[in-house]
Amino acid sequence: MSRQHKTRAPIFFAMAGMLLSSQVCAQAGGTSGYDSSIQAIEPENITFDVGLAGTSPPQIGRLIVADSQGAAYTKLSSDGEYIAYVSTVTGKRQLWLRALNGGQSKQLTFGSGVTGYFYWAPLGHQILYAADNNGNEQESYFLLDVDTFSEREVLPAVAGGFRIFGGFIDNHTIIYASTERNKLDFDLYIADLVSGVTEMICKGRMGLSVASVSPNGKWALVVERVGADADNLYLFDISKRHLSTLFKPERRANHASGGFAWTRDSKGFYFASNLNQEYRNIAFYDLKSGMRWVAQGDHEMEGVNLCADAQYLVWTNNLDGYSKLQVKNLRGDSAPSLPEMPEGVKRVDCATTAGKAAIATNGWNDPGSVYRWDFATHSASPVFTASLAGVPESSLVAPKSIRIRARDDVMLQGLLYLPRVKSASPPPAVFRVHGGPTEQSRPVFDAMTQYLVNQGIAVFRPNVRGSTGFGHTFVTLDDRENRLDSIRDLIDMHAYLGEEEIIDAANVAVAGGSYGGYAVNAALANFPGYFAAGVARFGVSDWVTALQVASPSLKAADIIEYGDISKPEWLAYYQQYSPIRQADNINVPVLYSHGVMDPRVDIAETEVMVKTLRKNGVEAPFIRMPNEGHGWRKLENQMFYAQQEAAFLKRVLHVAN
């Protein structure tokens, strides 16, 4: 494959006397590889200066390093002794361990890194983790013994086998879903981790997966995706291989996003559901008598856990993206005092029997910390405090939650970050649109947001219709033929912020990745004249091709969310309303980027936009990541890309260095 049309240089960045380097491999990915005739920028031999510690405003490189210091995907061992987490502090996603009582962290995995997903065995100190090939999402499973510090591959990757881990049946047996039979439908399998023998136990269909296994290993909760925001819930008898329906409502509902917490006797489980109501609230399902509500309110509830030998039910309320910790005493009226915690997004993980929990936090000034919550003393103490890597905390900006009414009276919400230094005129701005579409802009640490706001550029992170966190009705308002209504929301929010002179309406860029990348393409193509530039990362340009080649894990949701592309009416709809059909309307610079190994959105979706805009004489720089998939996992690639995007945005928004 010819590779002459590129700009490349090996990546190097230095900090505190440490030099890291990465050589980029030449490899093809996606459906049919990439188009080597397109001139693209690829990372190699690029030098970065992260600036001096304590300098304000901080450089983007130092903010990226700060982001890498955080703990993510935290999980507590069943005995409450250890907390495991994922960090990119070494340059790649690796698994780390720390005692809940404190002490030094210990790196558990090395090499090319993990995908981020891992699971403790129900007894002892073994961890099952997943790794793939540079983001292709076709995972191998490995079992790591923390006590002996040894690991082995227990389930090699299979071509076309997209896997979703379900849980441990016992310490030596797991259940999972995989597409390896026909590369489309998810079947259920069990695997013996000692012998390596696998067995298909349920021939499934497109969106089937296991969400939870009961403590006695008898039952599995099986989820069937219904759109991107809902599911049907089934109970699977593992030994009898029998699947029975628990919830398959006519009006779709969500039962799985808040997690499941089984009682120790395996007779029932707690979960969050919006069955026949607007918001996901806490319920209990008794395997004999059925469902009853436990806690209800006019907001979303998530992160359900049973703690302290099942005495306390713990969850969080989602309030405009901020997490508010909640606890209910299941054996009495009094509940323990809630610990003081920093604001942001929180997730609780409880030990099976011990009277303690781990609380993971992430906020606008916290890249990811972990606290120990002791139910006996009602106190929380830090276990792992994320370093800001020399970024002055005083330079970081907290967002303000604002609400804006759309032209059709739908109430929208977003997080607004304004520069600390006020100017005589409204600042330029960047709209940073979340992916999904059923995701939510939340107040987590984001290096690019903090960099831009320190450069005098306001950042707005909108939650348009179709976002989660605001109830069932809101999340369904962009379904199918209403797709462009959510794009129009960006225009209405732009108009409000401009009319109120909060931002300079003539100097606004729109940026996003994945579905957010589609939103960039759609906003610029369907509503020209509002945004001065765009930044589109691995986004859809043609829904016809995107829906046809989507990965199996997405296809089930896509039919509800977007319509069945195999039917003539939906084929005709997206032939008319995909961004590529209106791409001739785009007349502003757009920075594009895509990973060659992306299994979710084929790189051709970006390539066709780049070629079209360049043919029309519109500036369209293109960053191609040979060793990445749907997003940038590797720190050196994050550093390289962030430098490119920051320079582009400052140039097109006329911000001086």
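User: In which loop does Asn-276 lie?

Analyst: Asn-276 is placed in the loop between β23 (268-273) and β24 (281-286), where helices (H or I, at least four residues) and strands (E, at least two) are DSSP runs, numbered from the N terminus. Its phi is near 60°, a positive value in a residue other than glycine. The model is predicted, so to speak of local features requires pLDDT of at least 70 and side-chain atom pairs count only at pLDDT 80 or more, while totals for chains, interfaces and linings use all residues. Residues are numbered from 1 along each chain as its sequence is written, and side-chain values use heavy atoms, with hydrogens and water left out.

User: Which peptide bonds are cis, from Ser-56 to Pro-57 and between Gly-436 and Pro-437, and what is omega in each case?

Analyst: The bond from Ser-56 to Pro-57 is cis with omega near 5°, and Pro-57 is found in the loop between β5 (47-49) and α1 (60-68). A cis bond also joins Gly-436 and Pro-437, with omega about 15°, and Pro-437 belongs to the loop between β35 (429-433) and α2.

User: How should I read the packing of α1 and α10?

Analyst: Two packed helices are described by the angle between their axes and the distance between the axes. Here the axes of α1 and α10 come within 9 Å and cross at roughly 145°; axes are lines fitted to C-alpha atoms, for helices over the stretch in contact, and angles run from 0 to 180 degrees between N-to-C directions. The crossing is right-handed, a crossing being left-handed if the near helix is turned anticlockwise from the far one by less than a right angle, and right-handed if clockwise. Ile-60, Gly-61, Ile-64, Val-65 and Ser-68 of α1 make the contact with Leu-635, Gln-638, Met-639, Ala-642 and Gln-643 of α10, where contact means heavy atoms within 4.5 Å. By class this contact has 6 nonpolar, 4 polar and no charged residues; Ala, Val, Leu, Ile, Met, Phe, Trp, Tyr, Cys and Pro count as nonpolar, Asp, Glu, Lys and Arg as charged, and the others, Gly among them, as polar.

User: At what angle do α2 and α10 pack, and which residues meet?

Analyst: Helix α2 (residues 447-454) and helix α10 (residues 635-652) pack at an angle of about 35°, their axes lying 11 Å apart, and α2 passes α10 in a right-handed crossing. On the α2 side, Met-448, Tyr-451 and Leu-452 meet Ala-642, Glu-645, Ala-646, Leu-649 and Lys-650 in α10. The residues of this contact divide into 6 nonpolar, no polar and 2 charged.

User: Why is one side of β14 and of β17 left without a neighbour in the sheet?

Analyst: The open sheet of 4 strands has the order β14-β15-β16-β17, with antiparallel pairing; two strands pair if DSSP finds at least two bridges between them. β14 (163-170) and β17 (198-205) stand at the edges with a single partner strand each, so one side of each has no neighbour in the sheet. The twist averages 20° from one strand to the next. Strand β16 (residues 186-192) pairs with β17 in the antiparallel sense over 5 bridges, and Ile-190 has Glu-199 in β17 as its bridge partner.

User: How many residues lie between β20 and β21 in their hairpin?

Analyst: The hairpin of β20 and β21 has 4 residues between the strands, and Arg-241 in the turn has a positive phi of about 60°. Strand β20 (residues 231-237) and strand β21 (residues 242-247) pair in the antiparallel sense over 5 bridges, with Phe-247 in β21 as the bridge partner of Leu-233.

User: What is the order of the strands in the open sheet that contains β6?

Analyst: The 4 strands follow the order β6-β7-β8-β9, and their pairing is antiparallel. The edge strands are β6 (72-76) and β9 (106-107), each of which pairs on one side only. Between β6 and strand β7 (residues 82-87) there are 3 bridges in the antiparallel sense, and Ala-72 stands opposite Val-86 in β7.
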